[in-house]
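Trainee: Could you take a close look at the aromatic rings here? Please spell out each term as you go.

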Amino acid sequence: MEPGIIYLSRVPPFMKPQKMRDILSKFGDIDHLFLRPEDEKFRKKRVKEGGSRKIRFIEGWVEFKEKKIAKAVASALNNTPMGGKKNSMYHDDLWSMKYLKNFCWSDLSGKIRYRNATAEKKARVGKAQAKRETEAYSQNVDKFKALESIISRKRKHQAAEEGAGADLSQAPSDEASSTSSKAWTYRQTTPAPKRRKISLGKVLSGGD
């Protein structure tokens, strides 16, 4: 028997692989089933915003052991309600599936490996870029701090010079200090001799 693969372009919210297998195995024997999980960054964002912590699957592949069963299932279920119990959270969800002609599971395995390798490479590149940006930021911060320190020292030095200049301009000169000191220090200690009063009449008469 030749197997057949169905592609699921949409997986009901938070439906797990085992639940999908249980539903589809009612129509025929399933060999392989793979559901691709959402990107981890989207899950973290949802959790951060208060959403469910459960992992969501966004697409999937199902391999039936018989090709004719896979074709019949895809043709009959596509765009129809999933049904089941009325209180089931998947009751009103619609199937979105397609039969993949000339497609084998090894092709899918290679595709998955390539996608995983690409994702890992992107993650490594992203981490390396983030590391470079962090190092560049740290270097810029160090340069800024060094520049601030230089400017601060220059301002302090300039302020000190201006203060010293102001003190010199207000200080008295040596000559002025000496004169002031003499004026206040040296005083006359010996009384000056008394001068005799000369009468104007005696001067005119030629007398002493």
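**Rings and their neighbours**

Mentor: Arg56 lies over the face of Phe14, at 5.5 Å from the ring centre. To count as over a ring, NZ of Lys or CZ of Arg must be within 6 Å of the ring centre and within 35 degrees of the ring normal. A note on the source: this is a predicted model, and residues are numbered from 1 along each chain as its sequence is written. Local features need pLDDT of at least 70, side-chain atom pairs count only at pLDDT 80 or more, totals for chains, interfaces and linings use all residues, and side-chain values use heavy atoms, leaving out hydrogens and water.

Now the ring pairs. The whole structure holds 2 aromatic pairs (rings of Phe, Tyr and Trp, the last by its six-membered ring, with centres within 6.5 Å; planes under 30 degrees apart are stacked, over 60 edge-to-face, the rest tilted). Tyr7 and Trp61 make a tilted pair, 5.4 Å centre to centre with 50° between the planes. Tyr7 sits in strand 1 (residues 4-8) and Trp61 in strand 3 (residues 57-64), 54 residues apart. Strands are DSSP runs (E, at least two residues), numbered from the N terminus.

Tyr7 has 22% relative accessibility, so it counts as partly exposed. Trp61 is buried at 3%. The cut-offs are under 20% relative accessible area for buried, over 50% for exposed, and partly exposed in between (1.4 Å probe, protein chains only).

Phe34 and Trp61 are stacked, 6.1 Å centre to centre with 25° between the planes. Phe34 lies in strand 2 (residues 30-37) and Trp61 in strand 3, so this pair ties together parts 27 residues apart in sequence. Phe34 is partly exposed, at 25%. Put together, ring pairs link Tyr7, Phe34 and Trp61 into a cluster.

Key. Helix = DSSP H or I, 4+ residues; strand = E, 2+ residues; numbered from the N terminus.
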